[in-house]
Amino acid sequence: MAARKSTVALGLAIGLLLLLVVAEIAAIIWLTGAIGWWTIAFLMGSTVLGIYLMQREWKKAWASLSDALRAGQLPTGRMADTTLILAGGILLTVPGVITDVIGLLLLLPFTRPFIRSALTWWVSRVVKSAPGAAGPTIIKGEATEADTLIPRIQATNNEAADGQVIRGDLDES
C-alpha cells in the first residue's frame, strides 16, 4: 500500500512538473507575441533581479536567524522566511514567466508574510488530517530521584556500571 502511494505521489509530481513546463512555454510565447524581443530582456532582467534580491534578503534573514539563536529564542518564523527566500531565489533564477512571478512574490518582504501565513494554515490542515497525528505520546510511570535510576558512567571505557531499566506503560489515549 505504501509503495502504491509513493508511486502515485511520484506520478503526480512529474505530471505537475510537465504541466509547469507547458504553462511556462505558453506564457513565454504569449509574452513574446505581446512585447516581442523584449521578452528576452525581461527574462534576463528578472534573473538578475532575483539574484540581487535573494542576496539582500538572505543576508537579512540570516542575520535575524543568528540573532534569534544567540538570544536563545526559537526561530520559527525566521526559519520559514529563510526557506521562502531560498525558494523564491531559485524560482527567479529559473527562466520562465510563471516561476519569476512566484519567486518575486516569495522574495518581496511585504508579500512574504501573507504567503507564510497561508502556507502555515495549509500545512497545519494537512498535518491535522494525517493519520497518526492524534497528538503527543504519553507514557505513564512514576518519578524517583535521578541519582537512583541513572546508571553511573565509568570514565575509562564509557560503559554503564549497572543495567537498570525504567519500565512504564504506554498510554494510547
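Let's start with helices H2 and H4. How do they lie relative to each other, parallel or antiparallel? This is a predicted model, and in it H2 and H4 pack at an angle of about 25°. Angles under 35 degrees count as roughly parallel, so H2 and H4 are roughly parallel to each other. Their axes are 11 Å apart. The crossing of these two helices is left-handed.

Who touches whom here? H4 covers residues 97-107. From H4, the residues in the contact are Val-97, Asp-100, Leu-104 and Leu-107. From H2, they are Phe-42, Leu-43, Ser-46, Leu-49, Gly-50, Leu-53, Met-54 and Glu-57. Sort that contact by class, and you get 8 nonpolar, 2 polar and 2 charged residues.

Now, the other partner of H2. Two packed helices are described by the angle between their axes and the distance between the axes. For H2 and H3, the angle is about 165° and the axes are 9 Å apart. Over 145 degrees counts as roughly antiparallel, so H2 is roughly antiparallel to H3. H2 passes H3 in a left-handed crossing.

The list of residues is next. H2 brings Ser-46, Thr-47, Gly-50, Ile-51, Met-54, Glu-57, Trp-58, Ala-61, Ser-64, Leu-65 and Ala-68. H3 brings Arg-78, Met-79, Thr-82, Ile-85, Leu-86, Gly-89, Ile-90, Leu-92 and Thr-93. By class, the contact of H2 with H3 has 11 nonpolar, 7 polar and 2 charged residues.

Thr-82 sits in helix H3. Is Thr-82 buried or exposed? Its relative accessibility is 9%. Buried means under 20%, so Thr-82 counts as buried. Setting aside neighbours within four places in sequence, Thr-82 is in contact with Trp-58, Ala-61 and Leu-65.

For contrast, take Met-44. Met-44 lies in helix H2. Its relative accessible area is 55%. Exposed means over 50%, so Met-44 is exposed. Met-44 and Gly-96 are 52 residues apart in sequence, yet C-alpha to C-alpha they are 9.9 Å apart in space.

On to the core. In soluble globular proteins, nonpolar side chains tend to be buried together. Which residues make up the largest nonpolar core in this model? There are 6: Leu-53, Ala-61, Ile-85, Leu-92, Leu-107 and Leu-108.

What is Leu-53 in contact with, beyond its neighbours within four places in sequence? The partners are Trp-58, Leu-104, Leu-107 and Leu-108. Leu-53 is also one of the H2 residues that meet H4.

Last, step back to the protein chain. How many helices and strands does it have? There are 6 helices and 2 strands. From the N terminus on, the elements run α-α-α-α-α-β-α-β. The chain has 173 residues, and 18% of them count as buried. Now consider contacts between residues at least 6 apart in sequence. Of those, 54% join residues at least 24 apart.

Key: Residues are numbered from 1 along each chain as its sequence is written. This is a predicted model: local features need pLDDT of at least 70, side-chain atom pairs count only at pLDDT 80 or more; totals for chains, interfaces and linings use all residues. Side-chain values use heavy atoms; hydrogens and water are left out. A nonpolar core is a set of buried Ala, Val, Leu, Ile, Met, Phe, Trp, Tyr and Cys residues joined through side-chain atoms within 4.5 Å. Buried means under 20% relative accessible area, exposed over 50%, partly exposed in between (1.4 Å probe, protein chains only). Contact means heavy atoms within 4.5 Å. Axes are lines fitted to C-alpha atoms, for helices over the stretch in contact, and angles run from 0 to 180 degrees between N-to-C directions. Helices (H or I, at least four residues) and strands (E, at least two) are DSSP runs, numbered from the N terminus. Angles under 35 degrees count as roughly parallel, over 145 as roughly antiparallel, 65 to 115 as roughly perpendicular and the rest as oblique. A crossing is left-handed if the near helix is turned anticlockwise from the far one by less than a right angle, and right-handed if clockwise. Ala, Val, Leu, Ile, Met, Phe, Trp, Tyr, Cys and Pro count as nonpolar, Asp, Glu, Lys and Arg as charged, and the others, Gly among them, as polar.
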